[in-house]
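Please keep the sequence and the 3D view open as you read.

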Amino acid sequence: MDEVLKVFRVVAPEFANLTDEEVTELLELFAPMVSKKTFGRQYNLALAYFVAHIISLNNVYTTAQGASSDASVAGVR
């Protein structure tokens, strides 16, 4: 996971506030959802982007929960 973590740090600098341990835990958790066969040499990049996407979605959801009593996301009701 060290190589994927390095890629993650390059492609997702907006998550610098997360520790290596937190990111590695997420990479390990979501690794089975990204196909090594499909992505081949680009597997590390695909996994890094996928985890960044998951974190982004979680941040959007969390922000929307705090901003609205009806739990609308990004202004969509």
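This is a predicted model: local features need pLDDT of at least 70, side-chain atom pairs count only at pLDDT 80 or more; totals for chains, interfaces and linings use all residues.

**The core**

The largest nonpolar core has 18 residues. Those with the most contacts inside this core are Phe-8, Phe-15, Val-23, Leu-27, Leu-47, Val-51 and Ile-55. Helices α1, α2 and α4 (43-67) each supply at least two residues of the core, and the largest share, seven residues, comes from α4. As general background, nonpolar side chains in soluble globular proteins tend to be buried together.

Setting aside neighbours within four places in sequence, Phe-15 is in contact with Phe-8, Arg-9, Ala-52, Ile-55, Ser-56 and Asn-59. Two of these partners, Phe-8 and Arg-9, return below.

**The two sides of α1**

Which residues of α1 are buried? They are Val-4, Leu-5 and Phe-8. These three cover an arc of only 100° around the axis, so they sit on the same side of α1. On the face turned away from that buried side, α1 carries the exposed residues Asp-2, Lys-6 and Val-10.

**The salt bridges**

How many salt bridges does the structure hold? There are two, and they are set out here.

| Salt bridge | N to O distance |
|---|---|
| Glu-3 and Lys-6 | 3.5 Å |
| Asp-20 and Arg-9 | 2.8 Å |

The Glu-3 and Lys-6 pair stays within helix α1 (residues 2-11), where the two residues are three apart, about one turn of the helix. An α-helix has 3.6 residues a turn, so residues three or four places apart point the same way. Lys-6 is exposed, with a relative accessible area of 53%, while Glu-3 is partly exposed at 48%. Recall that Lys-6 also belongs to the exposed residues on the face of α1 turned away from the buried side.

The side chains of Asp-20 and Arg-9 form the other salt bridge. Because Asp-20 lies in helix α2 (residues 20-30) and Arg-9 in helix α1, this pair ties together parts that are eleven residues apart in sequence. Asp-20 counts as partly exposed, at 39% relative accessibility, and Arg-9 is also partly exposed, with a relative accessible area of 26%. Arg-9 is in contact with Phe-15 as well.

Terms used: Residues are numbered from 1 along each chain as its sequence is written. Side-chain values use heavy atoms; hydrogens and water are left out. A salt bridge is a side-chain nitrogen of Lys or Arg within 4 Å of a carboxyl oxygen of Asp or Glu. Helices (H or I, at least four residues) and strands (E, at least two) are DSSP runs, numbered from the N terminus. Buried means under 20% relative accessible area, exposed over 50%, partly exposed in between (1.4 Å probe, protein chains only). A nonpolar core is a set of buried Ala, Val, Leu, Ile, Met, Phe, Trp, Tyr and Cys residues joined through side-chain atoms within 4.5 Å. Contact means heavy atoms within 4.5 Å. The arc is that of the directions from the helix axis to the C-beta atoms.
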